[in-house]
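Let's take a friendly walk through a protein model and look at its pockets and its charged pairs. Keep the picture open as you read.

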Amino acid sequence: MTASLIDGKELARTLRGRIADEVTRMGAEHDVVPGLAAVLVGDDPASKVYVGMKHRDCGEVGIASRMIELPADTSQDDLEDVVAGLNGDDDIDGILVQLPLPDHLDARRIQELIEPAKDVDALNPYTAGRLAIGDPTFLSCTPYGVLELLAHAGVDTVGAHVVVIGRSNLVGRPLSNMLTLKGRDATVTLAHSRTRDLAAVCRTADVVVAAVGRQALVTADMVRPGATVIDVGTNRADDGSLVGDVDFDAVAEVAGAITPVPGGVGPMTRTMLLQNTLEAARRRRGLV
Ligand code: NAP
């Protein structure tokens, strides 16, 4: 392997240490404990695992975490009432509603109801709109993690050509918005399933970010020698192991730097949720 490894696990550990210190300081100086509420509707096993991990992460850094588990047949009105209650709960600084929701529930409507000051998952269209016009409130956790990984790897985005593959509202679109804001100043190509000759587009990139959900989509011939490759994708390989969207072994022989899966973007996404919750607590309580 010639590329240097961008270690998301290690960076996440460092950032969590800083968050924990800051939470301790807030408690000591202001008697404030940041609080995160996670709402889980139904029994989706993957969602249960994700919410459980977020709950543990909070405990690790001293953030108070409240898990609200609701049955799969919860009505839209009842879920809206729960969100309204959390909006008005002074102990709660951040609210996340774990997706996907059962089919009968309107997830967009629920996201719209989350108080922007507590929208630590940054999925409320208001939050996304503020980001798009260059006036961000919270940064969406996965793109935020990608930016931190790039900074950690010493990748200067100013003037760089970044190809983001995948245009979801969760990852690709907010990431492309963030990268083109003044200060980051990247030139971004946002690619998707209708992009013509994706390989040729990627070969012109200084940075390739793959956020698709398709194993081995990015192959070595698509990467310019020395380019940085960030793999957001998570897929189950035939043997059950977790793999990304990038053909890691082959691409690592061409790229200058690369993130692994697991141990790249994943731990950073979870860490940026903690960072946003801390930030929400600071802002809501008028602390610096
Ligand atoms: P998504 O909503 O399904 O979006 C996938 C995107 O990929 C779409 O824009 C789609 O294009 C595009 N796409 C599909 N096939 C393509 C192809 N052959 N060539 C180019 N683009 C193609 O997925 P998502 O929620 O953004 O998640 C993407 C991946 O990231 C998943 O594997 C997910 O598990 C992972 N993820 C990981 C983390 C983490 O923390 N590690 C966090 C979030 C997501 P169209 O728009 O044209 O359909």
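The largest pocket holds about 1500 Å³ of space. This is a predicted model, where local features need pLDDT of at least 70 and side-chain atom pairs count only at pLDDT 80 or more, while totals for chains, interfaces and linings use all residues. Residues are numbered from 1 along each chain as its sequence is written, and side-chain values use heavy atoms, with hydrogens and water left out.

What is a pocket here? On a 1 Å grid over the protein atoms alone, it is an open set of points where a 1.4 Å probe fits, with protein on both sides within 12 Å along at least five of seven lines; lining residues have an atom within 4 Å of a point. The volume is the space filled by probe spheres set on the points, which are joined across faces, edges and corners.

Elements giving two or more residues to its lining are α1 (8-30), α2 (45-61), α6 (141-152), β9 (235-236) and α10 (265-284). Helices (H or I, at least four residues) and strands (E, at least two) are DSSP runs, numbered from the N terminus. By class, this lining has 25 nonpolar, 13 polar and twelve charged residues.

Two or more lining residues come from each of α4 (107-113), α5 (125-132) and α7 (172-180). Where does the second largest pocket lie? It lies between domain 1 (31-116) and domain 2 (141-266), because both give residues to its lining.

**Charged side chains**

Side chains of opposite charge can pair when their charged atoms come close. Searching the whole structure finds 16 salt bridges (a side-chain nitrogen of Lys or Arg within 4 Å of a carboxyl oxygen of Asp or Glu). One of them joins arginine 16 and glutamate 60, at 3.6 Å from N to O. This pair links distant parts of the chain, with arginine 16 in helix α1 and glutamate 60 in helix α2, 44 residues apart.

Elsewhere, arginine 283 lies over the face of phenylalanine 138, at 4.6 Å from the ring centre. Such a charge counts if NZ of Lys or CZ of Arg is within 6 Å of the ring centre and within 35 degrees of the ring normal.

Definitions and conventions
Nonpolar A, V, L, I, M, F, W, Y, C, P; charged D, E, K, R; others polar. Domains from an automatic or database assignment.
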